[in-house]
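The sequence and coordinates are shown first.

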Amino acid sequence: MDAFTAGILQRIKVTEYELHRARQAGDVYTMDVEQAELEDLQRLAADHGVQVNAPV
């Protein structure tokens, strides 16, 4: 796995975690921010052929 792939997967993992925390806290603003970030990261990964597993 190259550095780009490892980095993007790590960023997705962290963003999914932060989104989960925001949902638990009921923080609508942070949920929106993290959801948008997650979508951007997933799009970037797809553009570069990086396989992203669905969150558990």
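## Surface and overall dimensions

The protein chain exposes about 4200 Å², of which carbon and sulfur atoms supply 52%. The model is a predicted one. Its secondary structure comes to two helices and zero strands. Taken along the principal axes, the C-alpha atoms fill a box of roughly 35 × 15 × 15 Å.

Of the 56 residues in the protein chain, 21% are buried. Among contacts with a separation of 6 or more, 57% are accounted for by residues 24 or more positions apart.

## Helix α2: length and ends

Helix α2 comprises the 20 residues 28-47. At 1.5 Å a residue, the helix should span 28 Å, and its end C-alpha atoms are 28 Å apart, which agrees with that expectation.

At the N-terminal end, Asp27 caps α2: one of its side-chain oxygens lies 3.4 Å from the backbone nitrogen of Tyr29. Just after the helix, Gly49 takes a positive phi of about 75°.

Which residues of α2 are buried? They are Glu34, Leu38, Leu41 and Ala45. These residues cover an arc of only 65° around the axis, and therefore lie on the same side of α2. What covers the buried residues of α2 includes α1, residues 3-25.

The face turned away from this buried side carries the exposed residues Tyr29, Asp32, Ala46 and Asp47. Ala46 has a relative accessible area of 55%; because the cut-off for exposed is over 50%, Ala46 counts as exposed. The C-alpha atoms of Ala46 and Glu34 are separated by 18 Å, the two residues being 12 residues apart along the chain. Of this pair, Ala46 is exposed, whereas Glu34 is buried.

## Nonpolar core

The largest nonpolar core consists of seven residues: Ile8, Ile12, Leu19, Leu38, Leu41, Ala45 and Val50. The elements that give two or more residues to this core are α1 and α2. Leu38, Leu41 and Ala45 belong to this core and are also among the buried residues of α2.

With which residues is Ile12 in contact, leaving aside its neighbours within four places in sequence? The partners are Leu38, Leu41, Gln42, Ala45 and Val52. Among them, Leu38, Leu41 and Ala45 are, like Ile12, members of the core.

Note on methods: Residues are numbered from 1 along each chain as its sequence is written. This is a predicted model: local features need pLDDT of at least 70, side-chain atom pairs count only at pLDDT 80 or more; totals for chains, interfaces and linings use all residues. Side-chain values use heavy atoms; hydrogens and water are left out. Helices (H or I, at least four residues) and strands (E, at least two) are DSSP runs, numbered from the N terminus. The expected span of a helix is 1.5 Å times one less than its number of residues. Buried means under 20% relative accessible area, exposed over 50%, partly exposed in between (1.4 Å probe, protein chains only). The arc is that of the directions from the helix axis to the C-beta atoms. Contact means heavy atoms within 4.5 Å. A polar contact is a pair of N or O atoms within 3.5 Å; within protein, one must be able to donate a hydrogen and the other to accept it, and residues adjacent in sequence count only if both atoms are side-chain atoms. A nonpolar core is a set of buried Ala, Val, Leu, Ile, Met, Phe, Trp, Tyr and Cys residues joined through side-chain atoms within 4.5 Å. Accessible areas come from the Shrake-Rupley method with a 1.4 Å probe; for residues, only the protein chains shown count as cover.
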